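Please read these points with the model open beside you.

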Amino acid sequence: MEKVSVLVVDDEKEIRDAIEIYLKNEGITVLKASDGLEALDILMEQTVHLILMDIMMPNLDGISATYKIREQKNIPIIMLTAKSEDTDKILGLQIGADDYITKPFNPMELVARVKSQLRRYVTLGTFDGVKKKIDLHGLTLDQEAKEVAVNGESVKLTPIEYKIVVLLMKNAGRVFSIAEIYESVWKEPGYNAENTVAVHIRKIREKIEVDPKNPRFLKVVWGIGYKMEK
């Protein structure tokens, strides 16, 4: 199996660190997050092949995080559940989790379940990889260098602007509503987000478009939202 990475999402540091030891012993790269919001940030920036997701966490719980992830990704998700969380366990499976393991877990069982899901996802072909570079008619995104360029010329974007561009370029052709953009980038409910998103879209256009008033790349779909031209 090729080099793979697992994202461990749990608000208890001791559990995150213990799982990291078990998986690293198997040659697996481990990324760690303390809640669902941090996990979503990591998924936007890194290549992840499997997620171990706790259910009860602050800020954004495992059920809500799984629901958001399933809107865009088919990464295997194994829920980490307590015996008292049977209802949440069932809900997690219903919204797209692939498996679950009950705490306290046997390290050998955990590793076996992780390897089984990784084998299905990576070796058997459901993992389609992540394009490190995306080129849309001269607008390029280099995800390893965290760089955006227009016709070879690097463009300086703020972190928020970069996240918006990444979201739209990775999903070129798809129209995102203002609320979807706000929730994906700011990780908060997109209430009354029109002005905030519009200001950032305008600034991005000023940096990537030859004529910001007649954009070639970042298009508005009136009454719906924005998209990056495919």
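1. Is Ile77 buried or exposed? Ile77 is buried, as its relative accessible area is 0%. Buried means under 20% relative accessible area, exposed means over 50%, and partly exposed lies in between, with a 1.4 Å probe and protein chains only. Ile77 sits in strand S4, residues 77-81. Leaving out residues up to four places away in sequence, Ile77 touches Ile51, Met53, Thr66, Ile69, Arg70, Ala97, Asp98 and Asp99. Contact here means heavy atoms within 4.5 Å. Asp41 is 36 residues from Ile77 along the chain, and their C-alpha atoms are 16 Å apart.

2. A word on the basis. This is a predicted model: local features need pLDDT of at least 70, side-chain atom pairs count only at pLDDT 80 or more, and totals for chains, interfaces and linings use all residues. Residues are numbered from 1 along each chain as its sequence is written, and side-chain values use heavy atoms, with hydrogens and water left out. Helices (H or I, at least four residues) and strands (E, at least two) are DSSP runs, numbered from the N terminus.

3. Look at strand S1, residues 5-9. Five of its five residues are buried. In a regular strand the side chains alternate between the two faces of the sheet. Ser5, Leu7 and Val9 point one way from S1, while Val6 and Val8 point the other way. S1 pairs with strand S2 (residues 29-33) in the parallel sense, over five bridges. Two strands count as paired if DSSP finds at least two bridges between them. Thr29 in S2 is the bridge partner of Ser5.

4. Which residues of strand S6 are on its covered face, and which on its uncovered one? Ile134 and Leu136 are on the covered face of S6 (residues 133-136). Lys133 and Asp135 are on the uncovered face. S6 pairs with strand S7 (residues 139-142) in the antiparallel sense, over four bridges. Thr140 in S7 is the bridge partner of Asp135.

5. Next, the open sheet. Three strands make it up, in the order S10-S12-S11, with antiparallel pairing. S10 and S11 are the edge strands, since each pairs on one side only. Two bridges join S10 and S12. Ser177 stands opposite Gly225 in S12.

6. Helix H7 covers residues 178-186, and its buried residues are Ile181, Tyr182, Val185 and Trp186. Why do they line one face of the helix? Seen down the axis of H7, the buried residues fall within an arc of 95 degrees, so they line one face. That arc is taken from the directions from the helix axis to the C-beta atoms. An α-helix has 3.6 residues a turn, so residues three or four places apart point the same way. The buried residues of H7 pack against helix H6 (159-170), strand S10 (176-177), helix H8 (194-208) and strand S12 (225-228). Lys187 follows H7 and has a positive phi, near 60 degrees.

7. How many cavities of 30 Å³ or more does a search of the whole structure find? The search finds one. A cavity is a set of points, on a 1 Å grid over the protein atoms alone, where a 1.4 Å probe fits but cannot get out; lining residues have an atom within 4 Å of a point. The largest cavity holds about 30 Å³ of space. Its lining is Met44, Glu45, Gln143, Lys146, Tyr162 and Val166. Helices H2 (36-45) and H6 each give two or more residues to that lining.

8. Glu12 lies in the loop between S1 and helix H1 (13-24). Glu12 is partly exposed, at 39% relative accessible area. Pro212 lies in the loop between H8 and strand S11 (218-221). Pro212 is also partly exposed, with a relative accessible area of 31%. Apart from neighbours within four places in sequence, Pro212 is in contact with Arg205 and Glu206.

Technical notes
On a 1 Å grid over the protein atoms alone, a cavity is a set of points where a 1.4 Å probe fits but cannot get out, and a pocket is an open set with protein on both sides within 12 Å along at least five of seven lines; lining residues have an atom within 4 Å of a point. Grid points are joined across faces, edges and corners, and a volume is the space filled by probe spheres set on the points.
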